[in-house]
Amino acid sequence: MALDLVSYLLIALVIILHIVVLGFVFNKQPKKINGKHVVVTGGSSGIGLWAAIECFQRGANVTIVARNPKILDEAKTEIEKHRINEDQKIYVKSLDLGKGYDVIEAGLKEIEKEMNLPIYMLINCAGLAICGVVEDVSVQDAKLMMDVNYYGSFYATRYVLPKMKAAGDGIIVLTSSQAALLGIYGYGPYAATKFALRGLAETIHMEASHIGVNVTLALPCDTDTPGFEREELSKPQETKLISSSGGLMKPADVAKRLVNDALKGNFFSVYGLESHILSILCVGMAPWTGVYINILQILLLSPLRLVSFFIRGNFNSIIKKCASDKVKKE
């Protein structure tokens, strides 16, 4: 996105302050998951696959869940390459996460039985994006996104949450998006599903963190995954221009940060400067999960609010220009 001098100076301030506080943040040691059971939905490709690999490299037993059995088997072979001990288990389960709670409950019970291990960490990565202005996205596609993106995560989380509460320990990751922080042209129904996940994450944190259950809300920006390639097919030009400013991240890098943040008990998991800025701007009443991070948010919220005026102005300029170009073509 086009930024003026004031914006660049304020962003430089963000970088400097990050450098100062990150030393403190890194002192927070991640939990160990060697020998624990991690379930990753959407684990056959993209961020989900690399999250499964990251957990496997840390000694966890891993189950990946997705719809396509062939791709699941290919993913299992890839995960196997990262084995660190002979006792680790890998299991794959074909499930359609949008089919209803009974289906997910039965599937997760089968997973626990086959692995002979309770689920210690659930990483919800399954999702899809169908873009378009609100009136151009069909009702059926809007419902499909809600079924997969929100209910798919809700069903799996609903199953593990009481078990984790009873155990007094457990980790839940809800993979949302930058679209959970602000509404973006062309992302309307998709953003609604991601905003819903943020609400779910904040509620679970309030209900279960005092018992020992941690929840992390992952807010990845554009990441080079098969899902992103499909998403590009339906994106309006305005959406492409607005979202391209943050660059395209590698799924392995995003997944590594996601897993590390979850094991450290961080509520937000963000990757990249733009994501950090947005998470600070849109922090609202999100949980306090680190003294230094929250001091940073307090210090920067006001100046970054000023930056946001320029950012929104740039977005509006893009939309107006695209509208003008369409008129000229007609």
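This is a predicted model: local features need pLDDT of at least 70, side-chain atom pairs count only at pLDDT 80 or more; totals for chains, interfaces and linings use all residues.

User: What makes the pair of Tyr187 and Tyr190 tilted?

Analyst: Two values go into that. A pair of aromatic rings is described by the distance of the centres and the angle of the planes. For Tyr187 and Tyr190 the centres are 5.4 Å apart, and rings pair if their centres lie within 6.5 Å. Their planes stand at 40°, whereas stacked needs under 30 degrees and edge-to-face over 60, so the pair is tilted. Both Tyr187 and Tyr190 are buried, too.

User: Which residues form an aromatic cluster?

Analyst: One such cluster is formed by Tyr101, Tyr150, Tyr151, Phe154 and Tyr155.

User: Why is Gly183 called exposed?

Analyst: Its relative accessible area is 52%, and exposed means over 50%, so Gly183 counts as exposed. You will find Gly183 in the loop between S5 and H6.

User: And why does Thr216 count as buried?

Analyst: Here the relative accessibility is 0%. The cut-off for buried is under 20%, so Thr216 is buried. Thr216 belongs to strand S6, and, leaving out residues up to four places away in sequence, the residues it touches include Ile172, Leu174, Asp261 and Phe268.

User: How do you know that H10 and H11 are roughly perpendicular?

Analyst: Their axes cross at roughly 100° and come within 8 Å. Angles of 65 to 115 degrees count as roughly perpendicular, and therefore H10 and H11 get that label. On the H10 side the contact is made by Ile277, Ile280 and Leu281, and among the H11 residues in it are Leu296, Leu300, Leu304 and Arg305. The residues of this contact divide into seven nonpolar, two polar and one charged.

User: What about the largest nonpolar core: how many residues does it have, and which have the most contacts inside it?

Analyst: That core has 62 residues, and Leu108 and Leu174 are those with the most contacts inside it. Among the elements that each supply at least two of its residues are helix H4 (101–115), strand S5 (170–175), helix H10 (273–281) and helix H11 (291–329). Setting aside neighbours within four places in sequence, Leu108 is in contact with Val39, Ile119, Ala156 and Tyr159. Apart from this core lies another, of 34 residues, including Leu49, Met121, Cys221 and Val259.

Note on methods: Residues are numbered from 1 along each chain as its sequence is written. Side-chain values use heavy atoms; hydrogens and water are left out. A nonpolar core is a set of buried Ala, Val, Leu, Ile, Met, Phe, Trp, Tyr and Cys residues joined through side-chain atoms within 4.5 Å. Buried means under 20% relative accessible area, exposed over 50%, partly exposed in between (1.4 Å probe, protein chains only). Helices (H or I, at least four residues) and strands (E, at least two) are DSSP runs, numbered from the N terminus. Contact means heavy atoms within 4.5 Å. Axes are lines fitted to C-alpha atoms, for helices over the stretch in contact, and angles run from 0 to 180 degrees between N-to-C directions. Angles under 35 degrees count as roughly parallel, over 145 as roughly antiparallel, 65 to 115 as roughly perpendicular and the rest as oblique. Ala, Val, Leu, Ile, Met, Phe, Trp, Tyr, Cys and Pro count as nonpolar, Asp, Glu, Lys and Arg as charged, and the others, Gly among them, as polar. Rings of Phe, Tyr and Trp (its six-membered ring) pair if their centres lie within 6.5 Å; planes under 30 degrees apart count as stacked, over 60 as edge-to-face and the rest as tilted.
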